Amino acid sequence: MKVLVTGGAGYIGSHAAAMLLEKGHQAVIVDNILTGHLDAVNKNAVFYEGDLRDAAFLDDVFAKEKVDAIVHFAASSLVGESVEDPLKYFGNNVYGMQVLLEAMHKHEVKRIVFSSTAATYGDTNVVPLTEDLDTNPESPYGESKLMMEKMMKWCDQAYGIKFVSLRYFNVGGAHPDGQIGEDHQPETHLIPIILQTALGQRDHISIFGEDYPTEDGTCIRDYIHVMDLIDAHVLALEYLEKGGQSDIFNLGSSQGFSVKEMIDVAREVTGKEIPAQVGPRRAGDPAVLIASSAKAKDVLGWNPTRTDMKDIIGDAWRWHQNRPNGYDA
Ligand SMILES: NC(=O)c1ccc[n+]([C@@H]2O[C@H](COP(=O)([O-])OP(=O)(O)OC[C@H]3O[C@@H](n4cnc5c(N)ncnc54)[C@H](O)[C@@H]3O)[C@@H](O)[C@H]2O)c1
Ligand SMILES: O=c1ccn([C@@H]2O[C@H](COP(=O)(O)OP(=O)(O)O[C@H]3O[C@H](CO)[C@H](O)[C@H](O)[C@H]3O)[C@@H](O)[C@H]2O)c(=O)[nH]1
């Protein structure tokens, strides 16, 4: 398959491009390097630097490349920022999807795999979360992803564009070769912040609240290895190629780890002290988010194999040790 990877210079998209190429597919990357990195662009992919919302640019890419399918990662994805600046999220995410679907419709590309999020569900006490639950996003980020899912649903009905929407839980880890990994500026995610503390780049990690109704009082999340996550994208592309119907799937490892447990595993993996201090809660954090991924396993045949937290943190640690200051250093 020849696959267009939007956001292929970002954390997850760079891993997708690498795995597609390793499996013998062709990868065409579109990225504006807004939050991604030129160094993360795979040397064996065809790369177009530009903005998805630039209809003429995208039309040119589609005309030149004649791709079979899209894997759509390009988006703005900071929950807190989206509350402060919702129009940035509707502009980049929702309008970006509009321009992409227009190009797909015009060039008769009928298959798309989409990066959605557990943030579409909102704060709920249900454990584990299944795809049939109500969606009540608590942030413009989650809302924008839900709107994008609905846009694809209507475009399927009208134009026969088939989609698989993958609702990620907490993505971590890195390619086992240690050459690509997570490098967000600013960094807000737990695992890289823990590992930057292990490297001595931060004097401590702040634990955002220990008064949640969980065993140790800190938030519980479902962490999934980025390579397992990308396996599901390849399976989703194959599912659509074989004529599968449009659908939505959760992607998580279906096990919960608290913030304190994550810090303890990282201390074991790195052999570093990793000082931690308990601070106030961060607004908008639900106490527990755990996926049911039974549907992805049943329908797509997905089988995540890197669910040991030591593997997820260990692979991320290899990357952080290789590139302590990230790509641009
Ligand atoms: N990281 C997570 O834990 C997580 C969880 C749930 C969902 N997601 C989703 O997965 C996707 C990838 O996340 P990530 O962590 O790799 O983010 P990232 O910021 O590292 O990657 C996004 C990439 O898209 C590019 N981009 C953004 N807007 C663009 C535009 N208009 N035109 C062209 N390129 C554009 C950026 O430059 C960047 O390279 C996002 O859609 C995000 O919402 C991520
Ligand atoms: O310095 C930190 C950073 C995080 N946390 C805690 O660690 C947990 C994980 O936080 P992350 O920021 O790593 O991840 P989130 O669970 O907030 O968000 C993730 O899951 C969301 C879905 O709920 C979205 O998909 C989002 O894009 C994705 O990063 C949370 O309880 C958070 O409060 C800390 O205690 N200290």
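Q: Helices (H or I, at least four residues) and strands (E, at least two) are DSSP runs, numbered from the N terminus. With that settled, where is the place of Pro186?
A: In this predicted model, Pro186 sits in the loop between S7 and H6.

Q: And the peptide bond from Gln185 to Pro186, cis or trans?
A: The bond joining Gln185 to Pro186 is cis, and its omega is near 0 degrees. For context, most peptide bonds are trans.

Q: What about the bond from Val127 to Pro128, cis or trans?
A: The bond from Val127 to Pro128 is cis, with omega near -10 degrees. Pro128 is found in the loop between S5 and helix H5 (140-159).

Q: Let us step back to the overall fold. How many helices and strands does the protein have?
A: The protein contains 10 helices and 13 strands. Its radius of gyration is 19 Å, close to the 20 Å that the globule rule gives for 329 residues, so the protein is as compact as a globular protein of that length.

Q: What box do the C-alpha atoms fill?
A: Taken along the principal axes, the C-alpha atoms of the protein fill a box of roughly 55 × 40 × 40 Å.

Q: What percentage of the residues is buried?
A: Buried residues account for 48% of the 329 residues in the protein. As for contacts between residues at least 6 apart in sequence, 77% join residues at least 24 apart.

Q: Into which domains is the protein divided?
A: There are domain 1 (2-172 + 222-251) and domain 2 (190-221 + 254-322). Their centres, taken over C-alpha atoms, are separated by 24 Å. The contact between them takes 28 residues from domain 1 and 27 residues from domain 2.

Q: Which elements supply the side of domain 1 that touches domain 2?
A: Strand S7 (170-172), strand S10 (223-225), helix H7 (226-241) and strand S11 (247-251) each supply at least two residues of that side. The largest share, seven residues, comes from H7. By class, this side of domain 1 has 15 nonpolar, six polar and seven charged residues.

Q: Which UniProt annotation covers residues 3-252?
A: The unreviewed UniProt entry carries the annotation "domain: NAD-dependent epimerase/dehydratase" for residues 3-252. In the model, that span is 38% helix and 20% strand, and its end C-alpha atoms lie 24 Å apart.

Q: Moving on to the ligands. Which residues come nearest to ligand 1?
A: Ligand 1 has 28 residues around it, of which Gly7, Gly10, Gly36, Ala75 and Ser77 come nearest. The elements that give two or more residues to this shell are helix H1 (11-22), strand S2 (26-31), helix H4 (86-106), strand S5 (111-117) and S7.

Q: Which element gives the most to the shell around ligand 1?
A: H1 does, with three residues. The shell around ligand 1 comprises 12 nonpolar, 13 polar and three charged residues.

Q: And ligand 2, how many residues surround it?
A: Ligand 2 is surrounded by 21 residues, and the closest are Thr117, His189, Leu190, Phe208 and Cys219. Helix H6 (190-198) and strand S8 (205-208) each supply at least two residues of that shell. S8 gives the most, with four residues.

Q: From which domains does the shell around ligand 2 draw at least three residues?
A: The shell around ligand 2 draws at least three residues from each of domain 1 and domain 2. By class, its residues divide into 12 nonpolar, six polar and three charged.

Q: Why does Lys66 count as exposed?
A: Lys66 has 11 C-beta neighbours inside 10 Å, and a residue is exposed if the number is 12 or fewer.

Q: What about Ile274, what is its phi?
A: Ile274 has a positive phi of about 50 degrees, although it is not a glycine. Its place is in the loop between helix H8 (259-270) and strand S13 (276-279). With 18 other C-beta atoms within 10 Å, Ile274 is partly exposed.

Technical notes:
Residues are numbered from 1 along each chain as its sequence is written. Chains are lettered from A and ligands numbered from 1 in the order in which they are written. This is a predicted model: local features need pLDDT of at least 70, side-chain atom pairs count only at pLDDT 80 or more; totals for chains, interfaces and linings use all residues. Domain bounds come from an automatic or database domain assignment. Two residues are in contact if their C-beta atoms, placed from the backbone, lie within 7 Å. Ala, Val, Leu, Ile, Met, Phe, Trp, Tyr, Cys and Pro count as nonpolar, Asp, Glu, Lys and Arg as charged, and the others, Gly among them, as polar. A residue is near a molecule or strand if its C-beta atom, placed from the backbone, lies within 6 Å of it. The radius of gyration is taken over C-alpha atoms; the globule rule is 2.2 Å times the number of residues to the power 0.38. A residue is buried if 20 or more other C-beta atoms lie within 10 Å of its own, exposed if 12 or fewer, and partly exposed in between; C-beta atoms are placed from the backbone. UniProt positions are given in the numbering used here, feature names are shortened, and annotations may be inferred rather than shown by experiment.
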